[in-house]
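Dear colleague,

I am handing over the structure we spoke about, and my notes come after it. Please look through it before reading on.

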Number of protein chains: 2
Amino acid sequence: MSLTFEISAETAAGGRRAELHLPHQTVQTPVFMPVGTQGTVKAVAQDVLEALGAEIILGNTYHLYLRPGHASIRRMGGLHRFISWRRAMLTDSGGFQVFSLNALRKVTDDGVRFRSHLDGSSHMFTPEHSMDVQIALGADIAMAFDECTEYPADRKRAEESLRLTMAWARRSLEHHRAHRHEVPWNGARGEATQNLFGIVQGGMYTDLRRQCAEQLVEMDFDGYAIRGLSVGEPRDLTQEMIAEVLPLLPKDKPRYVMGVGYPDEIEQYARMGVDMMDCVLPTRAARHGLLFTSQGRVNIKNKQYAEDENPPDPECGCPVCRRYSRAYLRHLMQAGEALSGTLNTIHNLAYYLGIMERVRGSLASGG
Amino acid sequence: MSLTFEISAETAAGGRRAELHLPHQTVQTPVFMPVGTQGTVKAVAQDVLEALGAEIILGNTYHLYLRPGHASIRRMGGLHRFISWRRAMLTDSGGFQVFSLNALRKVTDDGVRFRSHLDGSSHMFTPEHSMDVQIALGADIAMAFDECTEYPADRKRAEESLRLTMAWARRSLEHHRAHRHEVPWNGARGEATQNLFGIVQGGMYTDLRRQCAEQLVEMDFDGYAIRGLSVGEPRDLTQEMIAEVLPLLPKDKPRYVMGVGYPDEIEQYARMGVDMMDCVLPTRAARHGLLFTSQGRVNIKNKQYAEDENPPDPECGCPVCRRYSRAYLRHLMQAGEALSGTLNTIHNLAYYLGIMERVRGSLASGG
């Protein structure tokens, strides 16, 4: 284990205010992690992310493996150094993108064969290979290689998918334990090296989720994630699955729900005891002109904002709201200007990070 | 006149180190002005431009007239306020874009009828209308409405074009003098209001250039520009035209060569006595991956930079060179990431602004 997780306050509802000490950064949790798929949080420079208070960002194994290649990144000292990000990083295992970007993938017990979405070339991810790639990238946290159960999935499909995920989790862990010290920054951070999180799958079947969680905990990962939620199911069901799994996970390790969600969701789950979340929503929506604000959603393309001199969110203190008007942001979007994506993204990230900051304060004071 | 131009040093070659006091900003000259066509220097936020030391940027009358519309910008307090730029601005008259973006334009003595490149709608720019639009935008400096002589142009065509430019210069000045106090910020900067620069045309004919310059000076503009250079002619000819015109312009007013140029050109012209220059080159080239550096041009797309951990320019102290490698910039470009355009542009602008800073220091110390 190359992390420590110090809880400073807990609420009756299960929410936790904690510090997650990772090799490159101590992260205040609950935390929202901006997604930086290709080694960049789209349209936002690293110093701006730092100023917004982002302490940990995501990278994506699938994309970085294909371009520029993990061997190349390793030769240049790992992902932190390659993209000049000094704080914490987490890489997803690549599985999710193989499943979402490849219609022609072929799954066997060994792993997944797929074609590059860039040039059609054929590639194979096994749990061992995903670990090797993630170790070469050298994030603070790597993720086990899992099979992503689609929604809806019938019981038989969910069971079969879970069987693969469990076998792959075991192989991921074994390979990672044997090679984790090969991260590019090995030795530079004392004894610290890369952490590996297990991923709870099981579709929308509570007993499968429970079974998965229990087995993963037995294997003893450095942290635990829940994937396969917020994929089209009703919100109640998402919440039910999270509530079912959380009590089964060790209290003294971080809990991560992957790929969620809307502003009210991330607050709700944080209050239930989820410590980490990530989602492309704030960044992707921003590029399409959808801003999240204290007054609800603002579609900045709307004509009603053409001469609106108010900031995107009058209650927001982010660099965009302090300086620019809705009218200007609308103009940038209408004109197809690159600055549009940048400013919209900065605001949405500030809004998401601000929610988590508020929740952390609330949890610290007991509620 | 709403500017003062204080020369602190002059060289034997004619170069001048000066301060140009404009309503919104005192500008150190010689100055390079980043181009912000649609109310944004493409891909770079205003606070970053400020940090780079940009004291004056351009806006474009043609683009802003079509979208979002000058009346709308006026209602929102003018262009400075609309885009949140507190320093100086200059707007071009729209003529150049009408000529370069409209194959089907129709020129009469009255003005130019053209079709919008956005929706094909029909519009007319006259000198009076261009002044009205520029006054509504409210930059510190407006430009006379000129006809842009193409290159090459035979003598007859150059003469005819010049006849129009001169008639339009007179009408521009007359209308501007009568309405300049209608800028949106009138009264907010003491007596100061908008300045108008005349534009020397005349193709590659020195006698036409001379004739144009003399007549414009007689009209008494607030400053003088030279347009229609760097349009494909040999560099010697550009230099000859500038050398021919500069001595005819009043010493105590700023001299502006429009639309130049490469790094060595802007240095050369500044040393000849040109006070202001603008060009899309550093910003446009950046978006195509061409970086200007102290070691020459770097095409960041080249494979040779795939694992090059050096900064774009080892001698540059800009925020990009201080933090990122050529390998990372290449990756961003290959991956089609928005951050590519942003970082490349920041470096190129820093390089251009740095050249001018160095030239100013050199001129101040006599050479």
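Predicted model: local features only at pLDDT ≥ 70, side-chain atom pairs only at ≥ 80, totals over all residues.

Residues are numbered from 1 along each chain as its sequence is written, and chains are lettered from A and ligands numbered from 1 in the order in which they are written.

Chain A is split into domain 1 (4-278) and domain 2 (280-367), with bounds that come from an automatic or database domain assignment. Taken over C-alpha atoms, the centres of these two domains of chain A are 27 Å apart. Contact (C-beta atoms, placed from the backbone, within 7 Å) links 27 residues of domain 1 of chain A with 22 residues of domain 2 of chain A. On the domain 1 side, helix 10 of chain A gives the most, with five residues, where helices (H or I, at least four residues) and strands (E, at least two) are DSSP runs numbered from the N terminus.

A:Ile300 counts as buried because 26 other C-beta atoms lie within 10 Å; the cut-offs are 20 or more for buried, 12 or fewer for exposed and partly exposed in between, with C-beta atoms placed from the backbone. Leaving aside neighbours within four places in sequence, the contacts of A:Ile300 include A:Tyr305, A:Leu329 and A:Met333.

Best regards

Technical notes: Contact = placed C-beta atoms within 7 Å.
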